Amino acid sequence: MVVFHDEIPESLVEWIKNQRIFWVATAPMNAHGHVNLSPKGGENTFHVVHSKKVYYEDLTGSGVETISHLRENGRITILFNAFDGPPRILRLWGIGTVYEYGTPEYNSLIQPATRQPGSRAAIVVNVLKVSTSCGFAVPLYNFVAHRTRLHRFSEMKERVDRAHALPPDSENLDVQQINVPSNSLREYWLRNNMKSLDGLPGLLTAPDALVRIAPQNNFQSTTMSGALRGCGTSNKESHVIFKHPEKTFILGFFLGAVAVAAYTMILGKIELH
């Protein structure tokens, strides 16, 4: 049974913080425009400021629909649902505001020590209505780990941006006249994140901000697959085969020898018959 609230109930705040994934829905004003629904994940990307305000750290993606739609009309719905424990669906309806990388608002919400690789904006939502419903039809799933592939992809590109960032005394230089480094995050944003599918403006200032503010993040390559500092969960996505290459070689050699011996025995029996 659906229950509506004017704000986020205190009893649900901790539950929200424990969720590993949420969905964001937005749409343009054009009746023929593309309605967008995006899954969002990652450790510590969603934050509850208070019962009427939340924000999440928006990571780099191949599109920019949410940002474009919010710039045009601000409408947004965020959905959480329980994959374990008691069934539940939670919706947050509100008005969203985009604060791009490099803006004062972004810097106050996303600190360099906690910023994730590829973080391009903080999406702040003023919550207007909240609903909870049963979620009886949602299947049960077990959480394994957060993926780190996007973080590795973005960190690789941010290294290029850091190498080409302007020194602090270059504020008078026109960044529009500076060549865009190949394989940089700035290049990726300029190529993929400037307009929505319907031609609405996407990122406005973040690409140029990368030139003046060298991107820092909480990523460290402690293993071949990398890890996020302070995340509190092991990186299960990277299998033991990546963490212990020398053991992998020995195991592979042993299995190969067993396979050759078995194949030889089979051939020998065939020849005897």
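User: Happy to start with the second largest pocket: what volume does it have?

Analyst: This is a predicted model, where local features need pLDDT of at least 70, side-chain atom pairs count only at pLDDT 80 or more, and totals for chains, interfaces and linings use all residues. Residues are numbered from 1 along each chain as its sequence is written, and side-chain values use heavy atoms, with hydrogens and water left out. A pocket here is an open set of points on a 1 Å grid over the protein atoms alone, with protein on both sides within 12 Å along at least five of seven lines. Grid points are joined across faces, edges and corners, and the space filled by probe spheres set on them is the volume; for the second largest pocket that comes to about 240 Å³.

User: Which residues lie nearest the centre of that second largest pocket?

Analyst: Lining residues have an atom within 4 Å of a point, and the second largest pocket has 17 of them. Nearest its centre lie Lys17, Gln19, Gly42, Glu43 and Asn44.

User: Nice! And which residues are the closest to the centre of the largest pocket?

Analyst: The largest pocket holds about 1,200 Å³ of space. Of its 42 lining residues, the closest to the centre are Arg20, Ile21, Lys40, Gly41 and Gly42.

User: What is the volume of the largest cavity?

Analyst: A cavity is a set of points where a 1.4 Å probe fits but cannot get out. Searching the whole structure gives one cavity of 30 Å³ or more. Its lining includes Asp161, His164 and Arg186, and the volume is about 60 Å³.
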